[in-house]
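Q: I have a structure open here and would like to go through it. Can we start with the core?

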Amino acid sequence: MTVNHFIEPYDQVNEQDLWDDLITEAISIHGDEFRYIPRHLGNYDQLFGQDDSSIYNAAYAIEMQVVNTYGFTGDKDFYSKFGHQVRDELVLAVSRNRWTEIIGDNENQSVPNEGDLVYSHRYKKLFVIKYVDPRESFYQHGALYTWELTCEVFEVSGEDIE
């Protein structure tokens, strides 16, 4: 069977807008409200490429959907000679359209950044974004509708959090 050449889903902007609206609505129905906390660099070291005093002074409420519904992934609890570490991972999906409406306009950020924080009231935990997958949905109907955020439990180490 060959591909139907009478329907071109990749060129239909109206269909893409419909898919975007449906995905945004599905995340708002099945997701939770999270607080996105962007990181501002306080003392960035050009040589080592790190910041030892990040500042977190704003929070934005946005709905995200938990992708891995079987529980936290990652290394779970890790015991070593340096002590006990909790390495719970959480994968979240956020709508690109809602992101631009809420955070993109306020913070002039076009994408979520690694190092920013996400707070979950349901889990009572603060997570740090470790990886942002920009092409999670692989161009369904010719566009990208979500970002997939891989987050890990945040360990406070001298950051200013207001």
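A: This is a predicted model. Its largest nonpolar core has 21 residues, and I62, M64, L92 and L149 touch the most other members.

Q: Which elements each supply at least two residues of this core?
A: Strands β1 (32-37), β5 (60-66), β7 (83-95), β9 (125-133) and β10 (146-153) do, and so does helix α2 (96-107).

Q: Back to M64. What is M64 in contact with, leaving aside neighbours within four places in sequence?
A: The contacts of M64 are I27, G31, D32, F34, L92, A93, V94, V118 and L149. One of them, D32, stands opposite M64 in β5.

Q: How do β1 and β5 run, and how many bridges join them?
A: They run antiparallel, joined by five bridges. β1 also pairs with β8 in the antiparallel sense, over four bridges. There, R35 has Y119 in β8 as its bridge partner.

Q: New topic. Where does K124 lie?
A: K124 is in the loop between β8 (117-120) and β9. Its phi is near 55 degrees, a positive value in a residue other than glycine. Most residues other than glycine have a negative phi.

Q: Is K124 buried or exposed?
A: K124 counts as exposed, because its relative accessibility is 55% and the cut-off for exposed is over 50%.

Methods: Residues numbered from 1 in each chain as written. Predicted model: local features only at pLDDT ≥ 70, side-chain atom pairs only at ≥ 80, totals over all residues. Heavy atoms only, no water. Core = buried A, V, L, I, M, F, W, Y, C linked by side-chain atoms within 4.5 Å. Buried < 20%, exposed > 50% of the residue type's maximum accessible area, 1.4 Å probe, protein only. Contact = heavy atoms within 4.5 Å. Pairing = 2+ DSSP bridges.
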